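Q: Could you take a close look at the salt bridges in this model and walk me through them one by one? I would like to see where the partners sit and how open they are to the surroundings.

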Amino acid sequence: WERKVKDQNKNMGGAGMSRAHTQKQQKTLRVLENRLEQALKKFNSQLVTNQKMREQIDSLRVDRVRYDALRERLEDQLEEKRREKARIIETSTQAYESRDEAQQKMI
C-alpha cells in the first residue's frame, strides 16, 4: 500500500507539487470569489439605480396625468371663451346694424 502511495506521489510530482497545486487552486478560488463579489456589488448597485429610475418614471407618469387633465380643462375654457367672443361680436354687429338703421330712419 505504501508503495502505491509513493508511486502516486511520484507521478504527481512529489509532495511539493501537491502543495503547489493546492495553493494554485486556492488562489484561483480566491480570484473567482473576488470576481463574484465584485459582480454582485455591481449588480446590487444597478438594482438600486433601476429602483430610483422606476420611482422617477412613476412620478413622471403622475405628473403627466395631472398635466393632461389641466391641459384639457384649459382647452375647454379657451373654447368657451372663443364661443363667448363670437357671441359678443355677433351681438355687437347686430347693435351696430340696429344703430345704423335707426340713424337712417332719422335722416
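A: Happy to! Let's start with exposure: a residue is called buried under 20% relative accessible area, exposed over 50%, and partly exposed in between, using a 1.4 Å probe and the protein chains only. The model is a predicted one, in which local features need pLDDT of at least 70 and side-chain atom pairs count only at pLDDT 80 or more, while totals for chains, interfaces and linings use all residues. Residues are numbered from 1 along each chain as its sequence is written, and side-chain values use heavy atoms, with hydrogens and water left out.

Now the setting. The protein has 2 helices and 0 strands, where helices (H or I, at least four residues) and strands (E, at least two) are DSSP runs numbered from the N terminus. Of its 107 residues, 1% are buried. The protein exposes about 10,700 Å², with carbon and sulfur atoms supplying 54% of that area; accessible areas come from the Shrake-Rupley method with a 1.4 Å probe, and for residues only the protein chains shown count as cover.

On to the bridges themselves. A salt bridge here is a side-chain nitrogen of Lys or Arg within 4 Å of a carboxyl oxygen of Asp or Glu, and by this rule the count comes to 9.

One of them joins Glu37 to Lys41, with the closest N and O atoms 3.6 Å apart. Both residues lie in helix α2 (residues 14-106), and because they are 4 residues apart, about one helical turn separates them. Glu37 is partly exposed at 41% relative accessible area, and Lys41 is partly exposed too, at 47%.

Further along, Arg66 pairs with Asp63, and here the closest N and O atoms are 3.9 Å apart. These two are 3 residues apart in helix α2, so about one helical turn lies between Arg66 and Asp63. Arg66 counts as exposed, with 58% relative accessibility, whereas Asp63 is partly exposed at 38%.

Next come Arg83 and Glu80, whose side chains meet in a salt bridge at 2.9 Å, N to O. Arg83 and Glu80 are also 3 residues apart in helix α2, which means a separation of about one helical turn. Arg83 has a relative accessible area of 40% and is partly exposed; Glu80, at 33%, is partly exposed as well.
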